[in-house]
Amino acid sequence: MPGGKGHIARRNNPYNQDKVSEACGLFGMMSKTGKVFDGTNAIRAITNMHDRGNGLGGGFAAYGIYPEFREYYALHVMYMSKEAKKGTEAFLPEHFKIIAGEEIPHDDKHAPPDPPQLWRYFVAPPREVLNEEPTEQDNYVVQKIMEINTKIEDAYVFSSGKDMGVFKGLGYPEDIGRFFRLHRYKGYIWVVHSRYPTNTQGWWGGAHPFSILDWTVVHNGELSSYGINRRYLEMYGYHCTMHTDSEVMAYAADLLMRKHGLPVNVVASIMAPPFWEQIDRMDEKKRNFHKYIRMTYGSLLMNGPFTIILSHSGEMIGLTDRIRLRPITAATKDDMVYLASEEAAIRVVEPNLDRAWIPMGGEPVVGKLTPKAMEEHEVSGPREAHGRKARGKDL
Amino acid sequence: MKDPGGKKGKTKRVGPPPIKSYLPPEFMIDIDDARCIRCEVCVRQCSYDARYYDAALDRIMTRDENCVNCNRCVVFCPTQATRIRYNPMTYRNNSNWRPEGIRTVLRQAETGGVILTGMGCDRDYRIYFDHLVLNASQVTNPSIDPLREPMELRTYIGRKPDVGEIDLSSGEVGHEYPNLQLEIPVMFSAMSYGSVSLNVHKALAMAAKQVGILWNTGEGGLHPSLYEYGPCTIVQCASGRFGVHSDYLNAGVAVEIKIGQGAKPGIGGHLPGEKVSKDVSETRMIPEGTDALSPAPHHDIYSIEDLAQLIHALKETTDWKRPIGVKIAAVHNSAAIASGIIRAGADYVALDGLRGATGAAPKIIRDNVGIPIELAIASVDHRLREEGIRNRGSIIASGGIRNSADVLKAIALGADAVYIATSALIALGCQVCQRCHTGKCAWGLTTTDPWLTKRLNPEIGKERLVNMLKGWAMEIKEMLGGMGINSIESIRGNRFHLRGVGLTTEELKVLNVRHAGE
């Protein structure tokens, strides 16, 4: 980690704990046909779960909100000082082609106390990188973001995907939503998080969603396996600067899905695998598969209570731990998929559901754009990792 | 001058005059005459000839100088009439010249030899396990009750892929390296046939089979009657190559190359001829009654590339179907050595720490060479991760694992599994009297004398071992559940669940563990 701890770690973890733990409320909604809608309902749903947070962090992720800049990485940056802005705005043109840059519109009437400066930039990697495969472009962007986050004091890139954005801050999520004027954005996936940190005071960057490229994670839970999850990821070059479970979740998803090209069902079997006594009873093929998965990725088993909503362009995935220690409810209505910590939050925005259920531990709920909608919302080029045979259909 | 021995009718003495021993008996045997019923059990049980029955006096008499304090007589006396004490004779208090040091010099002055001993280092080097405490869940995440919820200890030893390769259309998985499956992350460490009895081997093999773990043959080959336990056996190949042939190498589920041993890093093995009985000689493929000497190094391994060749040769011999492990003593630069071993193609590296035991070793080596296993685990695991090769091989730790907490702490520091040997022998009756090298073990464990070996009934021995392991497994599950973890892989290398108590900054740094309260 450059420069010792880096300012993010200091800010996020003032007591220098092993990790920062928290409990939370989650909500996600998605149109599988790619219809876009504004953030009003997401705000209503999370307001209904007000008590699951304590005002120390709230945030949103929305997909499909920047159609006019679809092929550019949208960087949302928070500046805690003027120098940070100066440094970052000197750094960005050196490493990117900047298409547009502006302050993120916000409503001062709903401003939480002491907000940082919030800016967004639509950028493209330089030409020599653009000639490379999409994964290489992604890797380049990740590397540069890591550089900003660890080297430029008081600057923090909190969103970096294409045609999507994260909006988050210190406060209750409903206030954050109004502050960012989310009723003015239209997306086909909205994910919300209300934070209840157990062992730190909140700060703007510490709110969820946690994001890398177009991957976002909102998370409720505490990982007892954090130590080994982190050490395993470190072996693959990830630096866990935030010391949070959610960060580990996001990096694990990035490693498994983007770099190793594994589909969501396999990732669910890695993070929340079936028990050996179940595996032993499976037919030979399935048994071999699960044995192989557990032997290979045992260090990424997410042990302890968790619920996550993991999203990226075109897909929203809900998953709870293998013994379902944290609640999640899933529901559908026509082309809509809902995920929430509490069923009531879903019923607030859609009283007449086709189906509502509590998924089994380790069983992912996947909302995916239809092929037609996928084309409409295609960001740029295939998302698949290149040169790997491991892509495939769901199991 | 006249020949001092030249008197008529007397034979001339050859060599130096006999030396009177200045060593007082270390232990004293007390017999409560009022309780003693003259059953002579103690006389028959003592294999060190420290007791006899004097018919004229109708009393049990003792030869205290022979007593090793193995407690066999004490345990078997039906009326609790006997006990063993340290000899109260004292030397003058001296922090430097303690009784142990004085006795050693006296013995050496009388014998002129290397002082031999058995078992592991008994000196008071810091036991790091005793300065590490485990975590438990409170409020923010729930602890798990292992009696009500599944709790998994299954462990695989061997190389794992860096990237999972799955063809989802066919459900086929990528290349699978051979791995060993353990139901509890504990195995029986290498104890060779000859250093321990056949009955000990049999008890270990049967217990391993029942519990779903593995036992290790040690370097003395595998007795033909135990080939049926192959599926739960690791066969060892050491510098002496005793009993090594292709059937043997293929008899077990893995082959372990023994480079070193925690009790005697850097030196070879020595099985005294007294222990080489007919059966042992046949299994080891050496003449009966001859000393079995393992050279200090393997004479075909003078460098890491030679080791790579032997690993490769053994993989060829076993058709690439078995993991090949390498066992080394934990020494100063274990981390670099382990890295080299994994890069040489070994599927696991077994680290044997300072407190690892032996059937026979020079005391001076046992007590002064090597490093504590806790530090070795921490640095090896760290190094392999730093180099990005931790998936290429497993770490097995041994040398000083006394209970289930030690097992869990070793795993949290980074081991995949542990080897135990002393604990297993204790389960079979061993009292850690450190006289394994004499071949006279009164408990019938470290001996090949048929009169003594029959003292261990393998069936009962197996029960005792299984009971101990079952107890440990339950305790490990309780501790894991307390931490909110339901699978052993989530604690492996997870040092966040460890805290140091009373350790220096430097020690904490090497262990990569924070101090309690931090």
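Q: What makes β4(A) and β5(A) a pair of strands, and in which sense do they pair?
A: The model is a predicted one. Strand β4 (residues 97–103) of chain A and β5(A) are joined by six bridges, and at least two bridges are required for pairing. The two strands therefore count as paired, and their sense is antiparallel. Within this pairing, Gly101(A) lies opposite Tyr121(A) of β5(A).

Q: How do you know that β5(A) also pairs with β3(A)?
A: The same criterion of at least two bridges applies. Seven bridges link strand β3 (residues 73–79) of chain A to strand β5 (residues 117–124) of chain A, in the antiparallel sense.

Q: How many helices and strands does chain A hold, and what share of its residues count as buried?
A: Chain A has 13 helices and 16 strands. Of its 395 residues, 56% count as buried; that is, each of these has 20 or more other C-beta atoms within 10 Å of its own. Among contacts in chain A between residues at least 6 apart in sequence, 77% join residues at least 24 apart.

Q: Why is helix α7(A) described as largely enclosed?
A: Helix α7 (residues 226–235) of chain A has eight buried residues out of 10, so the rest of the structure largely encloses it. The buried residues are Tyr226(A), Gly227(A), Ile228(A), Asn229(A), Arg230(A), Arg231(A), Tyr232(A) and Leu233(A). Their cover includes α8 (245–259) of chain A and α10 (373–386) of chain B. Just after the helix, Gly237(A) takes a positive phi of about 90 degrees.

Q: Which residues make up the contact between chain A and chain B, by number and by kind?
A: The contact takes 41 residues from chain A and 38 residues from chain B. On the side of chain B that touches chain A, 11 are nonpolar, 15 polar and 12 charged.

Q: Which residues touch the most other members of the largest nonpolar core?
A: In this core of 256 residues, they are Val349(B), Leu351(B), Ile377(B) and Val418(B). Beyond its neighbours within four places in sequence, Leu351(B) is in contact with residues including Ile328(B), Ile373(B), Ile377(B) and Ile395(B).

Q: How do you know whether the span of α14(B) is close to or far from the expected one?
A: Helix α14 (residues 458–482) of chain B has 25 residues and reaches 36 Å from its first C-alpha to its last. The value expected at 1.5 Å a residue is 36 Å, and the helix is close to it. Its buried residues, among them Leu465(B), Leu469(B), Trp472(B) and Ile476(B), pack against β6, β11 (186–188), α4 (198–211), α11 (404–413) and α12 (422–427) of chain B. Just after α14(B), Gly484(B) takes a positive phi of about 80 degrees.

Q: What makes β6 and β23 of chain B edge strands?
A: They belong to an open sheet of three strands in the order β6-β22-β23 (chain B), with mixed pairing. β6 (132–134) and β23 (514–515) each have a single partner strand, so one side of each lacks a neighbour in the sheet. Three bridges join β6(B) to strand β22 (residues 498–500) of chain B in antiparallel fashion, with Leu134(B) opposite Leu498(B).

Q: Which strands are the edges of the eight-stranded open sheet of chain B?
A: The order is β11-β21-β20-β18-β17-β14-β13-β12 (chain B), with parallel pairing. The edges are β11 and β12 (215–216), each of which pairs on one side only. Two bridges join β12(B) to strand β13 (residues 233–237) of chain B in the parallel sense, which meets the requirement of at least two. Trp215(B) has Thr233(B) as its bridge partner in β13(B).

Definitions and conventions:
Residues are numbered from 1 along each chain as its sequence is written. Chains are lettered from A and ligands numbered from 1 in the order in which they are written. This is a predicted model: local features need pLDDT of at least 70, side-chain atom pairs count only at pLDDT 80 or more; totals for chains, interfaces and linings use all residues. Helices (H or I, at least four residues) and strands (E, at least two) are DSSP runs, numbered from the N terminus. A residue is buried if 20 or more other C-beta atoms lie within 10 Å of its own, exposed if 12 or fewer, and partly exposed in between; C-beta atoms are placed from the backbone. Two residues are in contact if their C-beta atoms, placed from the backbone, lie within 7 Å. A nonpolar core is a set of buried Ala, Val, Leu, Ile, Met, Phe, Trp, Tyr and Cys residues joined through C-beta atoms within 7 Å. Ala, Val, Leu, Ile, Met, Phe, Trp, Tyr, Cys and Pro count as nonpolar, Asp, Glu, Lys and Arg as charged, and the others, Gly among them, as polar. The expected span of a helix is 1.5 Å times one less than its number of residues.
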